[in-house]
Amino acid sequence: MNWDFIMKYLPLYRKAAVLTVKIGTAGILLSVVIGLVCVAVQYFKIPVIREITTAYIEISRNTPLLIQLFFIYYGLPKIGIRTNAAACGVAGLAFLGGSYMAEAFRSGIDAVETIQMESAYSLGLNRWQTLRYVVFPQALSISMPAFMANIIFLLKETSVFSAISLMDLMFTAKDLIGLYYQTTESLFLLVVFYLLILLPVSLVGSLVERRLRYAGFGT
Amino acid sequence: MPDLGLEVLLKGKNMARILGGLGVALRISLLSVMISIFAGILMGMLMTWKNPISRALTRCYLEVVRIMPQMVLLFLVYFGTTRIFGWNLSGELSAVIVFSFWGTAEMGDLVRGALISIPVHQYESAAALGMTSGQIYRYIVLPQTVRRLIPLSINLITRMIKTTSLVLMIGVVEVLKVAQQIIEANRMNSPNAAFGVYLTVFLLYFIACWPISMLAGALEKRWR
């Protein structure tokens, strides 16, 4: 191990990690919004838009992020839709993540038994109140493990951003390997920085999961 | 109608080359899936053991795979082993090693989930009927586990196919690399090739994965 090399390039990795976290956070927030919209459309059974969201979910879940990014970054400018690399990364992550989030939320809503909604209606709650007080709290608890898994999955997926020349951790590592042949040190820093980003998320995730494990009453 | 650069696909053997590239990606994923399923079943059984040492080890393995992006693992195996051990692994072999390592953990977790989802009273009833532990596995546990497992492992196949797109980054010539080559070669006479060719690759991945996902969904619904 060449510690001088590690100390020298630590700031470069720190910058790359900040970029990874920034784009990852923006993409995840957007994908939560997209997921909520999709699930709302399906819950309220809005015609036509519902079919569109189903098609979107199938397309997004069955293609890899790398291909989606290549298409957005290199393909779309040819027909006049031009974006910069960072916006493209956020858009790609949101496009991919939206469907995963939608599926996570939907599985939560599906798990709430019909009898619960019927009971709520017979108590005189309207559709919105049923959603707010009966369905939502239970769905939140049930979909939490999938939601947390999705966040980790999306943060991991940011590693393909180097393909569209965003200076993320992968890009930095590959660059340093190519420039100085300090493969061991570059890869060591890469692993350390990914651990620094993902380990806390994973720990917080399992903590939140445990706190929210209150659903399943009467089953 | 704007120039979408689709005519490039009809030139020469371009379409056949793209399909050949997809073939490479599918070959890597199928090989890794087969290894992962066999190793994953053993791993899953290991994960249900109560032995604290095996428990800690499998738990660590699972967490490493969960937390490290597959791309990092690819780099570690492809570049790292060359440097540290002096091995000269080809890109394809490194990909199969990494995806099997990843798939075994995922499959193992699915198997573990399916095994512990079988209530204790099933084991106890079988034992009360005088079955040996081999018979319990063969006639009681396995049939129920397999039903829960098959849809989930089919999903793993589509994830594997999608993840193989990453091997581009370690220099394997697969569908995306072929697409890049075609676009570069036709840069002068059809500048918009990037749109058409990448759209085609996008659709090819969709065509490869979608039927498999549908099958998994249908089986899940039927066997619930």
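Select chain B and chain A together and look for salt bridges across their interface: the rule, a side-chain nitrogen of Lys or Arg within 4 Å of a carboxyl oxygen of Asp or Glu, finds 0. This is a predicted model, in which local features need pLDDT of at least 70, side-chain atom pairs count only at pLDDT 80 or more, and totals for chains, interfaces and linings use all residues. Residues are numbered from 1 along each chain as its sequence is written, chains are lettered from A and ligands numbered from 1 in the order in which they are written, and side-chain values use heavy atoms, with hydrogens and water left out.

Helices here are DSSP runs (H or I, at least four residues), numbered from the N terminus. The most comes from α8(B), with 12 residues. Coloured by class, this side of chain B shows 27 nonpolar, 6 polar and 4 charged residues. In that scheme Ala, Val, Leu, Ile, Met, Phe, Trp, Tyr, Cys and Pro are nonpolar, Asp, Glu, Lys and Arg are charged, and the others, Gly among them, are polar.

Now show both sides. Contact (heavy atoms within 4.5 Å) involves 37 residues from chain B and 37 residues from chain A. The two chains bury about 3400 Å² between them, 76% of it on carbon and sulfur atoms; buried area is the accessible area (1.4 Å probe) that two parts lose on being put together, summed over both.

Move to Asn62(A), in the loop between α2 and α3 (65-75) of chain A. Asn62(A) has a relative accessible area of 2% and is therefore buried (under 20%; exposed is over 50%, partly exposed in between, with a 1.4 Å probe and protein chains only). Leaving aside residues up to four places away in sequence, Asn62(A) touches Lys162(B), Tyr205(B), Phe206(B), Cys209(B), Trp210(B) and Ser213(B). Within chain A, a polar atom of the Asn62(A) side chain lies 2.9 Å from the backbone oxygen of Glu58(A).

Last, select the loop between α1 (3-43) and α2 (49-61) of chain A, where Lys45(A) lies. Lys45(A) has a phi near 50°, a positive value in a residue other than glycine, and counts as exposed at 53% relative accessibility. Val48(A) lies in the loop between α1 and α2 of chain A; its phi is near 65°, also positive in a non-glycine residue. At 56% relative accessibility, Val48(A) counts as exposed.

How values were computed:
Helices (H or I, at least four residues) and strands (E, at least two) are DSSP runs, numbered from the N terminus. A polar contact is a pair of N or O atoms within 3.5 Å; within protein, one must be able to donate a hydrogen and the other to accept it, and residues adjacent in sequence count only if both atoms are side-chain atoms.
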